Amino acid sequence: MKIATLIVRILISFLLLFGSLAYFFKFGEQPELSGDMKTVMTGFMASNYLLPLAKSVELICGLSFITGKFMKISSIILVPISLNILLINVFLMPEGIPISAALFLGNLFMIYINWNNYKGLFVA
């Protein structure tokens with residue numbers, strides 16, 4: 001199980017680091033957006049803070065996963081972001097579902113592996 005955890009951790013970190021660094025440093029060609037996805041991205045860009053905030057959190061969580069420090073809190077922080085990435089791909093860009101599903105399921109796997117550390121959150 002330790003090997004699987006390490007593999008999932010590294011894959012998640014590479015996905016997060018690549019996505020956030022590609023946003024900040026603009027490397028590679030960005031695909032041309034159309035339809036509803038273009039509308040959504042225009043709204044995200046118009047807010048002036050939402051996309052940089054999400055990409056900054058992705059970068060911090062990616063660094064956390066690759067170094068192994070603060071992974072438990074990073075897994076919790078990453079849940080809404082990975083869920084949003086998955087839902088955007090499900091409803092607007094179906095070709096991105098495999099990668100976004102892998103990110104979301106990998107994050108859930110990391111939470112499952114460390115479940116004993118989260119039990120205290122659900123005690124009244």
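Reader: How many residues has H1, and how far does H1 reach from its first C-alpha to its last?

Author: H1 has 24 residues and reaches 34 Å, close to the 34 Å expected at 1.5 Å a residue. The expected span is 1.5 Å times one less than the number of residues, and helices are DSSP runs (H or I, at least four residues), numbered from the N terminus. Before we go on: this is a predicted model, where local features need pLDDT of at least 70, side-chain atom pairs count only at pLDDT 80 or more, and totals for chains, interfaces and linings use all residues. Residues are numbered from 1 along each chain as its sequence is written, and side-chain values use heavy atoms, with hydrogens and water left out.

Reader: Good to know. Which residues of H1 are buried?

Author: Among them are Thr5, Val8, Arg9, Ile12, Leu16 and Tyr23. Buried means under 20% relative accessible area, exposed means over 50%, and partly exposed is in between (1.4 Å probe, protein chains only).

Reader: And what do the buried residues of H1 pack against?

Author: Three helices: H3 (50-67), H4 (71-91) and H5 (97-113). Packing here goes by contact, meaning heavy atoms within 4.5 Å.

Reader: What happens just after H1?

Author: Lys26 takes a positive phi of about 55° there, although Lys26 is not a glycine. Lys26 is found in the loop between H1 and H2, and at 56% relative accessibility it counts as exposed.

Reader: Where does Asn48 sit, and what is its phi?

Author: Asn48 is in the loop between H2 and H3, with a positive phi of about 65° although it is not a glycine. Asn48 is exposed, at a relative accessible area of 65%.

Reader: Over to H4. Where does H4 bend?

Author: At Leu78, by about 40°, and Pro80 follows within four residues. The bend is the angle between axes fitted to the seven residues ending there and the seven starting there.

Reader: Which elements do the buried residues of H4 pack against?

Author: H1, H2 (35-46), H3, H5 and H6 (115-118). Leu78 is itself one of the buried residues of H4, and others include Met71, Ser74, Ile81 and Ser82.

Reader: Let's zoom in on Ser82. What does Ser82 touch?

Author: Leaving out residues up to four places away in sequence, Ser82 touches Leu103, Phe104 and Asn107. Ser82 has 0% relative accessibility, so it counts as buried. A polar atom of the Ser82 side chain also lies 3.2 Å from the backbone oxygen of Val79.

Reader: And Ser64, which residues does that one touch?

Author: Ser64 lies in H3 and touches Lys69, Phe70, Met71 and Ser74, again not counting residues up to four places away in sequence. Ser64 counts as buried, at 6% relative accessibility.

Reader: Pockets now. How much space lies in the largest pocket?

Author: About 1,500 Å³. On a 1 Å grid over the protein atoms alone, a pocket is an open set of points where a 1.4 Å probe fits, with protein on both sides within 12 Å along at least five of seven lines; lining residues have an atom within 4 Å of a point. Grid points are joined across faces, edges and corners, and the volume is the space filled by probe spheres set on the points.

Reader: Which residues lie nearest the centre of the largest pocket?

Author: Gln30, Met37, Met41, Lys55 and Met93, out of 37 lining residues. H1, H2, H3, H4 and H5 each supply at least two residues of that lining.

Methods
A polar contact is a pair of N or O atoms within 3.5 Å; within protein, one must be able to donate a hydrogen and the other to accept it, and residues adjacent in sequence count only if both atoms are side-chain atoms.
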